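Reader: I am new to this structure, and I would like to learn how to read its features one at a time. Could you take me through them slowly?

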Amino acid sequence: MKASGSKQLHWFSKVLLWLNLLSALLLIGAYLNTHISPNSVPYIAFLGLGYPIILSVNVIFILYWILVRWKFAFISLITILLGWNHLRHFYALNIWQNDLENPVKVMSFNVRIFDLYNLEGRIDNRNKILDFLKNEDADILCFQEFYYQEGTAEFSTKDTIVDLLNTKYYHERYTHEMRGKRYFGVATFTKYPIINKGEVAFENDPNNFCIYSDLVIDQDTVRVFNGHLGSIRLQSDDYEFFGDQHGPEYPTQKDAGQRIMYRLKVAFEKRALQAEKVAEEIAASPYPVIFCVDMNDTPVSYSYRQFNQVLDDAFVRSGNGIGQTYIGKVPSNRIDYIFYDEAFKSANFITHQTNLSDHKPISCDLQIHID
């Protein structure tokens, strides 16, 4: 009996070793995904999306092998260390913050059209969003999925924000102009004068957009980009794919799964081209850059790298924790960002723990230090 048990353990360890090697290769694939456009190798982007899960599996293998055969723990340990920068983009630790003089507070917030379609609670939620914005009192606010209806008291959000926050300078670009003078798009509000406005259109998706505004802060001119990159656009029946497998929707889950995979693939490819175009505009900026964006992509992605290789990520530099920003029906990790170039220093990055939208607002303090 003893020999048989030993043989079974040996066989089990072999299986785990092969699974460990596979998980390590998948983790390396996630690293490579940041360098390879999904338009070249489409499905490698899924490894970046699954990075938190793949990373967790490798950590479990490390713990297991330490207890059983410690030398095998180096397989996952070395693999994780090879991608240390990706881990830093996923989990930040900044106990000591920069001391800033006269900092500028920047906020980015996908407000999900102020909860317009929640017929019973939309006014209450809109008021909570406005109260939150007033309490935070940011100097520069970048909104995605901004909604404004002209001539109404309920959603005259542009006029309300200008008066409430003393942000009399603004730049709006609406991707949808609907009947009844209703508008949907991106908008930047600021307490600083705007001397120039521009935009970066996306040929592959008119529903998403990026604008830039040139602001005069004291005696310096700063270019603020505000972007919303391509989303997945899941439909309500697709969300049911993540529901109870014993429910009435279960027989259609295969089709829903295929639809989700296809939409993810298309979104990866779309965002890659959009990110490349915005990154080119950022590189061509004659002024120091701040970039607020709902990227709809994680820090382990090709799109993220387009910006991270030319700008600093405020979360990485001055945030703490995991920083998950999306809180919809299909939770992910961090998809909302504030980037800035080397002309700035940052402090006090915050992912605000409020559920007023399907995105959490983010903010940080910035100080320009041009020599």
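Reader: Which residues does Thr79 touch, not counting residues up to four places away in sequence?

Author: This is a predicted model, and within it Thr79 touches Ala24, Leu27, Ile28 and Tyr31, once residues up to four places away in sequence are set aside. Thr79 itself has its place in helix 4, which covers residues 73-82, and its side chain reaches the backbone oxygen of Ile75 at 2.7 Å.

Reader: Is Thr79 buried or exposed?

Author: A residue is called buried when its relative accessible area is under 20%. Thr79 has a relative accessibility of 6%, and therefore it counts as buried. For the protein as a whole, 53% of the 371 residues count as buried, while the accessible surface comes to about 18,600 Å², of which 55% belongs to carbon and sulfur atoms.

Reader: How should I read a helix, and which residues of helix 3 are buried?

Author: One can begin with the span and then ask which way the residues face. Helix 3, residues 51-68, has 18 residues and reaches 26 Å from its first C-alpha to its last, close to the 26 Å expected at 1.5 Å a residue. Its buried residues are Tyr51, Ile54, Leu55, Asn58, Phe61, Ile62 and Trp65. Seen down the axis of helix 3, these buried residues fall within an arc of 115°, so they line one face of the helix. On the other side of helix 3, Ile53, Ile60, Leu63 and Leu67 are exposed.

Reader: In what senses can strands pair in a sheet?

Author: Strands of a sheet pair through backbone hydrogen bonds, and the pairing is either parallel or antiparallel. A parallel case here is strand 1, residues 104-110, which five bridges join to strand 2; Ser108 stands opposite Cys142 in strand 2. Strand 2 covers residues 140-149, and ten of its ten residues are buried, so it is largely enclosed by the rest of the structure.

Reader: Which strands run antiparallel and are joined by nine bridges?

Author: Those are strand 3, residues 169-178, and strand 4, residues 182-190. Within this pair, Tyr170 has Phe189 of strand 4 as its bridge partner. Strand 3 and strand 4 form a hairpin with three residues between them, and Gly180 in the turn has a positive phi of about 80°.

Reader: What does Arg182 touch, not counting residues up to four places away in sequence?

Author: Arg182, which lies in strand 4, touches Tyr147, Tyr148, Gln149, His176 and Glu177 under that condition. Arg182 and Tyr148 are 34 residues apart in sequence, yet their C-alpha atoms are 5.9 Å apart in space. With a relative accessible area of 25%, Arg182 is partly exposed.

Reader: In what order do the six strands of the open sheet stand?

Author: Their order is 5-6-7-8-10-9, and the pairing is mixed. Strand 5 (194-201) and strand 9 (312-313) stand at the edges, each with a single partner strand, so one side of each is left without a neighbour in the sheet. Strand 9 pairs with strand 10, residues 336-340, in the antiparallel sense over two bridges, and the bridge partner of Asp312 in strand 10 is Tyr340.

Reader: How many helices and strands are there in the protein?

Author: There are eleven helices and twelve strands.

Key
Residues are numbered from 1 along each chain as its sequence is written. This is a predicted model: local features need pLDDT of at least 70, side-chain atom pairs count only at pLDDT 80 or more; totals for chains, interfaces and linings use all residues. Side-chain values use heavy atoms; hydrogens and water are left out. Helices (H or I, at least four residues) and strands (E, at least two) are DSSP runs, numbered from the N terminus. Buried means under 20% relative accessible area, exposed over 50%, partly exposed in between (1.4 Å probe, protein chains only). A polar contact is a pair of N or O atoms within 3.5 Å; within protein, one must be able to donate a hydrogen and the other to accept it, and residues adjacent in sequence count only if both atoms are side-chain atoms. Contact means heavy atoms within 4.5 Å. The expected span of a helix is 1.5 Å times one less than its number of residues. The arc is that of the directions from the helix axis to the C-beta atoms. Two strands pair if DSSP finds at least two bridges between them. Accessible areas come from the Shrake-Rupley method with a 1.4 Å probe; for residues, only the protein chains shown count as cover.
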